[in-house]
Amino acid sequence: MKKILFTLLICASTILLHAQTYSQAIGIQLGYANPVYRLNSPDSPEQQKANLFPDNLRGVKIGFNYDATLIRGFGLNMAINYTFAGTQTSWNDYRFDINGKPITNKIYPLDSRSQKLYQSLELAIDWQYKFEIAHHTWLILYTGPTMQCGLQRINKDQIRYKNQTEIEKVEKSNYYEYENDPAHSYNRINVTWGIGVGFQYGRYFIRGGYDFGLMNPYYYHNFNKMGYGFDRNTRGRLDQWQVKLGIYIWND
């Protein structure tokens, strides 16, 4: 996988240095991001005790992109993005038993909720083709890899007495450090392959697509080591929906 990514980077750099470009542009973009940590489902009743629901995070993406048309219509789009996303549960008065079923908390008059936060830096390299559908108006189809480096992946638990405003925070450490919870330890580096469609009018553009994870983002590759109690390899991945609006601030 590393050799393939290195080859793609070399090819992209060589083309940019030696190809006669029809046009070039540098822009800024801002949009919506939906990273999803997926973990393969259990395949026996005994394994259904494991809580394997995906982490569906929502947030924003901001970055810079470089757009080059190399041959009429065909070109390359490279972007550096920062993604911040998270999710938060509602206040509730129940816990889960060992089988994952909710049980009402009758012992302590407490409410609880949890918050998950995610931050990453991304380098995206997309091969694209622009169809000119009107004057200075293009329909764009693109595909390519994205390299992600996780900056932060934490979980915050919050507890309060029912109907009160005072909140006690129990903040867990960064799950990229592999120290706290084996079931939620993640690798910082991830690689995805995306497909998408875009639309450009003059200096303004919108691009949206889906990235499929190519690597297992979980540090432990075995359910038993992750604390789920059964011996089986994992097939997790980190996918991402994204939509970005932008403007080219320089073009040639």
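## The second largest cavity

Six nonpolar, four polar and one charged residue make up the lining of the second largest cavity, where Ala, Val, Leu, Ile, Met, Phe, Trp, Tyr, Cys and Pro count as nonpolar, Asp, Glu, Lys and Arg as charged, and the others, Gly among them, as polar. This is a predicted model, in which local features need pLDDT of at least 70 and side-chain atom pairs count only at pLDDT 80 or more, while totals for chains, interfaces and linings use all residues. Residues are numbered from 1 along each chain as its sequence is written, and side-chain values use heavy atoms, with hydrogens and water left out.

A cavity is a set of points on a 1 Å grid over the protein atoms alone where a 1.4 Å probe fits but cannot get out, and lining residues have an atom within 4 Å of a point. The second largest cavity holds about 40 Å³ of space, a volume being the space filled by probe spheres set on the points, which are joined across faces, edges and corners. Among its lining residues are Tyr37, Tyr118, Cys149, Asn187, Arg188 and Leu238, and strand S8 (137-161) gives the largest share, three residues.

## The largest cavity

The count comes to three cavities of 30 Å³ or more, and the largest of them contains about 70 Å³ of space. Its lining divides into two nonpolar, four polar and four charged residues, including Glu122, Asp126, Asp211 and Lys244. S7 gives the most to this lining, with three residues.

## The second largest pocket

A pocket, by contrast, is an open set of grid points with protein on both sides within 12 Å along at least five of seven lines. The second largest pocket has about 500 Å³ of space, and of the 20 residues that line it, the closest to its centre are Ser23, Thr69, Lys130, Trp138 and Gln200. Five nonpolar, nine polar and six charged residues form this lining.

## Core and overall fold

The chain has one helix and 12 strands, taken as DSSP runs numbered from the N terminus (helices H or I, at least four residues; strands E, at least two). Of the 252 residues of the chain, 43% count as buried, that is, under 20% relative accessible area with a 1.4 Å probe and protein chains only.

Terms used:
Buried < 20%, exposed > 50% of the residue type's maximum accessible area, 1.4 Å probe, protein only.
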